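The following paragraphs walk through a single protein chain, element by element. Please keep the sequence and the model in view while reading.

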Amino acid sequence: MNMRWKPSVTVAGIIEDQGRYLLVEEHTPNGLMFNNPAGHLDPGESPIEACVREVLEETSLRVTALSLIGVYEFLRMNQVLIVYHAHAEGGRLQAGRASGERDGRTRAASLAGARRAHAGRHFRKGWSRLGV
């Protein structure tokens, strides 16, 4: 029998703001950790629209100039992860936005600090594709 893989689609952003990179704190099975803004697509939403929305919801910032970094299989979580690079354009960095989904903090980190804070291999690939 041929089983078909039906993953959910997740988008994430490596967000640059005045030479710093934005991270959000979230609860994970391994405890609290900083991560890139990310989430699932809403019905009828494009991946770029979802990334813009997720960043706004999680950081209160608007982003522009999204460019695709890569599309990755995340088999353990039954997901396809679409990663974008974007620049913060407007708003004020803060945690918790309109939806109230995330209780954690947001943080702007230097490149070295953001790379240390984020252990995900897909984002390490993303950082290297940005030349950093």
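This is a predicted model: local features need pLDDT of at least 70, side-chain atom pairs count only at pLDDT 80 or more; totals for chains, interfaces and linings use all residues.

Just after helix α1, Ser 60 adopts a positive phi of about 65°.

Which residues of α1 are buried? They are Ala 50, Cys 51, Arg 53, Glu 54, Val 55, Glu 57, Glu 58 and Thr 59. The list includes charged side chains, among them Arg 53, Glu 54 and Glu 57, and these three take part in salt bridges.

The structure holds four salt bridges. In one of them, Arg 53 is joined to Asp 42, with the closest N and O atoms 3.3 Å apart. This pair links distant parts of the chain: Arg 53 belongs to helix α1 and Asp 42 to the loop between β4 and α1, eleven residues apart. Are the two partners buried or exposed? Arg 53 has a relative accessible area of 17% and therefore counts as buried, because the limit for that class is under 20%. Asp 42 is at 37% relative accessibility, so it counts as partly exposed.

Arg 53 also forms a salt bridge with Glu 54, where the closest N and O atoms are 2.9 Å apart; both of these residues are buried. A further salt bridge runs from Arg 53 to Glu 57, with a closest N to O distance of 3.3 Å. Arg 53 and Glu 57 both lie in α1, four residues apart, or about one turn of the helix. An α-helix has 3.6 residues a turn, so residues three or four places apart point the same way. Both Arg 53 and Glu 57 are buried. Through shared partners, the salt bridges join Asp 42, Glu 45, Arg 53, Glu 54 and Glu 57 into one network.

The C-alpha atom of Glu 58 is 9.3 Å from that of Leu 23, although the two residues are 35 positions apart along the chain. Leu 23 lies in strand β2. Its relative accessibility is 0%, so Leu 23 counts as buried.

Strand β2 (residues 20-28) pairs with β1 in the antiparallel sense over two bridges. Within this pairing, Glu 16 has Tyr 21 of β2 as its bridge partner. The hairpin of β1 and β2 has two residues between the strands, and in it Gln 18 takes a positive phi near 55°.

Strand β1 (residues 8-17) is mostly covered, with seven of its ten residues buried. Strand β6 (residues 79-91) pairs with β1 in the parallel sense over nine bridges, and Gly 13 has Tyr 84 of β6 as its bridge partner.

Strand β6 also pairs with β5 (residues 61-74), in the antiparallel sense over eleven bridges. Four residues separate the two strands in their hairpin, where Asn 78 takes a positive phi near 55°.

Gln 79 is found in strand β6. Its relative accessible area is 12%, which means that Gln 79 is buried. What is Gln 79 in contact with, leaving aside neighbours within four places in sequence? The residues are Trp 5, Pro 7, Ser 8, Thr 10, His 40, Tyr 72, Glu 73 and Phe 74.

The view can now widen to the whole chain. There are three helices and seven strands, and along the sequence they follow the pattern β-β-β-β-α-β-β-β-α-α. Of the 132 residues, 42% count as buried. Among contacts with a separation of 6 or more, 65% are between residues 24 or more positions apart. The protein chain exposes about 7,600 Å², of which carbon and sulfur atoms supply 51%.

Conventions. Residues are numbered from 1 along each chain as its sequence is written. Side-chain values use heavy atoms; hydrogens and water are left out. Buried means under 20% relative accessible area, exposed over 50%, partly exposed in between (1.4 Å probe, protein chains only). Two strands pair if DSSP finds at least two bridges between them. Contact means heavy atoms within 4.5 Å. Accessible areas come from the Shrake-Rupley method with a 1.4 Å probe; for residues, only the protein chains shown count as cover.
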